[in-house]
Amino acid sequence: MLIGLLGGAVAVEQVFAIPGLGRYLLGAANAQDLPALQAGVLLMALAALVVGLLAGLARRALRGGPLPPGALPPPPERRGDDRAARWTVGVALGLMGLMLALGLPRDPYTIAHPRLAPPSAELPFGADASGRDLLARVAHGTLGTLLPSVGIILVAIAVALLLAVLGEIARGPAEIANATPPILAGVIIAALLGPSVGGAALAVLWVTWPPLTAHATALIDEANAMPHIRWLPVAGVSRPEIWARHVLPATVGPLLRHGMLRLPGVALALAALGFLGLGAQPPLPEWGLLLGEGIDYVERAPWTTLAPAAALVLTSVCAVALAGLRSRRTKRRSRSMARQEPLARANVG
């Protein structure tokens, strides 16, 4: 959180016109002033690195080594059903689907309406400062923001699983990446490669995989410490089969839920980079770019920023509700774990 606040200073200083280090870095990146950018990035990176190192030392001191096999009892069965979460997901997906169904057939680039036209039956979300249909731009921006976000999450999960299996080899790169705020990474990549959607996605991916890797490592340690895993080798189950049938299924599910919880943050990071001019470039209809285009008119025409902001909120609600759902397979596994250790003991006997 401290590192995220440090990188978030760039957006805050830009929005409120505060003369600070973040705004200085953004101006240096846009002007391709590499010496000035190097000096500012070095200061922020050193501060972030110190915070990351202190957090790593504290985690090692508190966590200690991996748990021995059989050290954890079976997890308690979760009470209650998922009816509220399912309704939330259904409503959020329905609203998003309705927006896409109404907005995708419209043209997001044609200037055919009065500037800053208010919402009406013809323009449900109003028009932007150029007279373009905001419903069309927000709907097309859904594809330009959510599809890269989902791709980033899936790639980050794959990297996390691979590095978690490798163990301590990934510790160093994870600490470096974890000490880099996403906006700072976007500033550096924009200075090197120029502002683009690919550069923004690369910057967000660079800061997304470390927490997922740490979670995957903890999940693998937890799975290996479960009581029934302890008895499987004695019962003649091979190590690859243990990994394929027990450890990996116990890891992938929670990791996917973790990824879904991070989806709004990834979409917001992409939108922040687009808002700062480091991601998608005009006239692309990307949510962050739409917020950046409407921020100067927020008092006269609040709908110019309300529509993309509401789309981000809707995405957050949907992602959090989806992360709270459990599959039927997960429910069956949680009910059967308590029965697996006695059966394994009987097989050994």
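Is R132 buried or exposed? With a relative accessible area of 10%, R132 is buried. The model is a predicted one, and the points below should be read accordingly.

1. R132 pairs with E293 in a salt bridge, with 3.8 Å from N to O. Because E293 belongs to helix α11 (residues 287-294) and R132 to the loop between α4 and α5, this contact ties together parts that are 161 residues apart in sequence. E293 itself is partly exposed, at 24% relative accessible area.

2. E293 also forms a salt bridge with R137, where the closest N and O atoms are 3.7 Å apart. This pair links helix α11 to helix α5 across 156 residues. Through shared partners, D128, R132, R137 and E293 are joined into one network of salt bridges. R137 is buried, its relative accessibility being 0%.

3. The structure holds five salt bridges, including one between R106 and D133 at 2.7 Å, N to O. Both residues lie in the loop between α4 (83-103) and α5 (134-166), so the bridge ties together parts that are 27 residues apart in sequence. R106 is partly exposed at 28%, whereas D133 is buried at 4%.

4. There is one aromatic pair. The ring centres of W206 and W209 are 6.2 Å apart and the planes are at 70°, so the arrangement is edge-to-face. The two residues are three apart in helix α8 (residues 197-224), about one helical turn. W206 is partly exposed at 36%, while W209 is buried at 7%.

5. A nonpolar surface patch comprises V12, V15, F16, I18, I295 and V298, with about 480 Å² of accessible area together. Of these, I18 lies in the loop between α1 (2-15) and α2 (21-30) and is partly exposed at 38%.

Terms used: Residues are numbered from 1 along each chain as its sequence is written. This is a predicted model: local features need pLDDT of at least 70, side-chain atom pairs count only at pLDDT 80 or more; totals for chains, interfaces and linings use all residues. Side-chain values use heavy atoms; hydrogens and water are left out. Rings of Phe, Tyr and Trp (its six-membered ring) pair if their centres lie within 6.5 Å; planes under 30 degrees apart count as stacked, over 60 as edge-to-face and the rest as tilted. Helices (H or I, at least four residues) and strands (E, at least two) are DSSP runs, numbered from the N terminus. Buried means under 20% relative accessible area, exposed over 50%, partly exposed in between (1.4 Å probe, protein chains only). Patches are made of residues with over 30% relative accessible area and no salt bridge: like charges are joined within 9 Å, nonpolar side chains (Val, Leu, Ile, Met, Phe, Trp, Tyr) within 5 Å. Accessible areas come from the Shrake-Rupley method with a 1.4 Å probe; for residues, only the protein chains shown count as cover. A salt bridge is a side-chain nitrogen of Lys or Arg within 4 Å of a carboxyl oxygen of Asp or Glu.
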